[in-house]
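Colleague: Hi! Could you walk me through this one? I'd like to go residue by residue and see what touches what.

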Amino acid sequence: DIRTTYSSIHLFRGFYSRLHINAFNELVTIRRPFLYLHNSYAVVRRFDIACGGKFATLEQSTLVANDASIRTPAAGAASDSGSFACNNGSTLIVQAIDMYNSSSSAADFSTVMGSTLTANNISKVSGTSNMYFHAYGSRVDIWSFTSTGSYTGYGIKSQLSTISASSANFRKTA
């Protein structure tokens, strides 16, 4: 993707599909959302990406993402750069993820409408987000979350949800 300005079209789109994306450990920059899944299953692993839009949007899907660094491009980024949206009964499992993104209009991890998020060994290394975790009518399990980045709204915002957090710290800007 050699685009120089932001595009709202996802790089990968899965409809009733199974995807396995295995990347190299060198920085790749895209100025668009990375992955959209609808009634699909995907595994994404071993990547270092500067993502101009949401990293992943799930609709009744399952995504396993591990061993990654997610960043915001220097130019061509939307206000939800690098974030995850888990919607409508989806399952998101993230492990060993380092977030260097800035997502001023969205949570880094949004889990809504009967979805489930399991987050293991996640670090917000730098960047500022509106929230780290948002849950509405869902379940979120967090284990070993550290933050040296910052958020402007909430560390965790939960409505009608079940949250379990162990070994987690949150850092808010002044």
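Modeller: Happy to. Bear in mind that this is a predicted model. Let's begin with Ser138, which counts as buried because its relative accessibility is 6%.

Colleague: Where does Ser138 sit?

Modeller: Ser138 is in the loop between β12 (128-136) and β13 (139-147).

Colleague: And what does the side chain of Ser138 reach?

Modeller: The side chain of Ser138 reaches the backbone nitrogen of Met113 at 3.5 Å. A polar atom of that Ser138 side chain also lies 3.3 Å from the backbone oxygen of Thr111.

Colleague: Which residues does Ser138 touch, leaving out those up to four places away in sequence?

Modeller: That list is Thr111, Val112, Met113, Gly114, Ser115, Leu160, Ser161 and Thr162.

Colleague: What does the side chain of Ser115 reach?

Modeller: The backbone nitrogen of Gly89, at 3.2 Å. Beyond four places in sequence, Ser115 touches Cys86, Asn87, Asn88, Gly89, Ser90, Gly137, Ser138 and Arg139.

Colleague: Asn88 is one of those contacts. What about its phi?

Modeller: Asn88 has a positive phi of about 55°, although it is not a glycine. Asn88 lies in the loop between β8 (84-87) and β9 (91-100), and it is partly exposed, with a relative accessible area of 35%.

Colleague: Where does Arg46 lie, and what is its phi?

Modeller: Arg46 lies in strand β5. Its phi is positive too, about 55°, and Arg46 is not a glycine either. With 30% relative accessibility, Arg46 counts as partly exposed.

Colleague: Let's switch to charges. How many salt bridges are there?

Modeller: The count comes to 3 salt bridges. As background, side chains of opposite charge can pair when their charged atoms come close.

Colleague: What does Asp48 pair with?

Modeller: Asp48 forms a salt bridge with Arg71, and the closest N and O atoms are 2.7 Å apart. This pair links distant parts of the chain, since Asp48 is in strand β5 and Arg71 in strand β7 (residues 62-71), 23 residues apart.

Colleague: What does Arg139 meet in a salt bridge?

Modeller: The side chain of Arg139 meets that of Asp141, at 3.0 Å from N to O. Arg139 is partly exposed, with a relative accessible area of 37%, and Arg139 is also among the residues that Ser115 touches.

Colleague: Now the nonpolar side of things. How many residues does the largest nonpolar core have?

Modeller: The largest nonpolar core has 34 residues, and those with the most contacts inside it are Leu63, Phe84 and Val94. Strand β5 (residues 41-51) gives the largest share of this core, 5 residues. In general, nonpolar side chains tend to be buried together in soluble globular proteins.

Colleague: Which residues does Val94 touch?

Modeller: Not counting residues up to four places away in sequence, Val94 touches Ala65, Phe84, Phe109, Leu117, Thr118, Ala119, Asn120 and Ile122.

Colleague: What about Ile70, buried or exposed?

Modeller: Ile70 is buried, with a relative accessible area of 0%. Its place is in strand β7. The C-alpha atoms of Ile70 and Ile49 are separated by 5.2 Å, though these residues are 21 residues apart along the chain. Beyond four places in sequence, the contacts of Ile70 include Phe47, Ile49, Phe55, Phe84 and Ile97.

Colleague: Last one: which residues form a nonpolar patch on the surface?

Modeller: Met113, Tyr136 and Leu160 do, with about 340 Å² of accessible area together. Met113 lies in the loop between β10 and β11, and both Met113 and Leu160 are among the contacts of Ser138, where we began.

Methods:
Residues are numbered from 1 along each chain as its sequence is written. This is a predicted model: local features need pLDDT of at least 70, side-chain atom pairs count only at pLDDT 80 or more; totals for chains, interfaces and linings use all residues. Side-chain values use heavy atoms; hydrogens and water are left out. A polar contact is a pair of N or O atoms within 3.5 Å; within protein, one must be able to donate a hydrogen and the other to accept it, and residues adjacent in sequence count only if both atoms are side-chain atoms. Contact means heavy atoms within 4.5 Å. Patches are made of residues with over 30% relative accessible area and no salt bridge: like charges are joined within 9 Å, nonpolar side chains (Val, Leu, Ile, Met, Phe, Trp, Tyr) within 5 Å. Accessible areas come from the Shrake-Rupley method with a 1.4 Å probe; for residues, only the protein chains shown count as cover. A salt bridge is a side-chain nitrogen of Lys or Arg within 4 Å of a carboxyl oxygen of Asp or Glu. Helices (H or I, at least four residues) and strands (E, at least two) are DSSP runs, numbered from the N terminus. A nonpolar core is a set of buried Ala, Val, Leu, Ile, Met, Phe, Trp, Tyr and Cys residues joined through side-chain atoms within 4.5 Å. Buried means under 20% relative accessible area, exposed over 50%, partly exposed in between (1.4 Å probe, protein chains only).
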